[in-house]
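I opened this notebook to record what I looked up in one protein model, going from the whole chain to single residues.

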Amino acid sequence: LERICMEAGLGRLKNITDGCVCTKRSAFFTKLPELRRITVVHGYEVDTSPVDKSTGIMFASSSSTSHMEQVSRGKFQEVHGEMITRIVTPTGARCQVNGKSVFHQAKARSGITG
């Protein structure tokens, strides 16, 4: 029965005098969250096309690359520029990760970890 409960995703088997009951237990909060770290790797894409989409230019970049790309009429071109990431709260206040809230592309290439 223990194996059946576990395979069904019901958790460990609990023996009681009238029979057996499967119970599932899951914790919402992680243990020691201050020791956990996450890494964010992100990018963006901006389409500047007018409504008819025939003459616009699209710009794109990622924190994991060293350049930006421009796409115009189906042609890709590497352009000079840098993506700067600013981390802010929903109210717009600076939110620091490891003491910084602004990350230049070269420093964020392998992700922003905190």
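**Entry 1, ground rules.** I am working with a predicted model, in which local features need pLDDT of at least 70 and side-chain atom pairs count only at pLDDT 80 or more, while totals for chains, interfaces and linings use all residues. I number residues from 1 along each chain as its sequence is written, and side-chain values use heavy atoms, with hydrogens and water left out.

I looked up the secondary structure and found two helices and 10 strands, in the order α-β-β-β-β-β-β-β-β-β-α-β from the N terminus; helices here are DSSP runs of H or I with at least four residues, and strands are runs of E with at least two, numbered from the N terminus. Of the 114 residues, 20% are buried, where buried means under 20% relative accessible area, exposed over 50%, and partly exposed in between, with a 1.4 Å probe and protein chains only. I also noted that, among contacts between residues at least 6 apart in sequence, 24% join residues at least 24 apart, a contact being heavy atoms within 4.5 Å.

I followed β4 (residues 43–47) into its antiparallel pairing with β5 (residues 57–62), which has five bridges; two strands pair if DSSP finds at least two bridges between them. Strand β5 is also joined by five bridges to β6 (residues 68–72), again antiparallel, and a hairpin of five residues links β5 to β6. Which residues face Ala60 of β5 on these two strands? I found Glu45 opposite Ala60, and in β6 the bridge partner of Ala60 is Glu69.

I placed Gln105 in helix α2 (residues 105–108), and Gln105 counts as buried because its relative accessibility is 3%. Its side chain makes a polar contact with the side chain of Ser61 at 2.9 Å, the term standing for a pair of N or O atoms within 3.5 Å, where within protein one must be able to donate a hydrogen and the other to accept it, and residues adjacent in sequence count only if both atoms are side-chain atoms. The Gln105 side chain also reaches the backbone nitrogen of Met83 at 2.8 Å. Leaving out residues up to four places away in sequence, Gln105 touches several others, among them Thr65, His67 and Gly81.

I located Arg36 in the loop between β2 (19–22) and β3 (39–40), and Arg36 counts as exposed because its relative accessibility is 54%. Beyond neighbours within four places in sequence, Arg36 is in contact with Thr30, Lys31 and Gly114.
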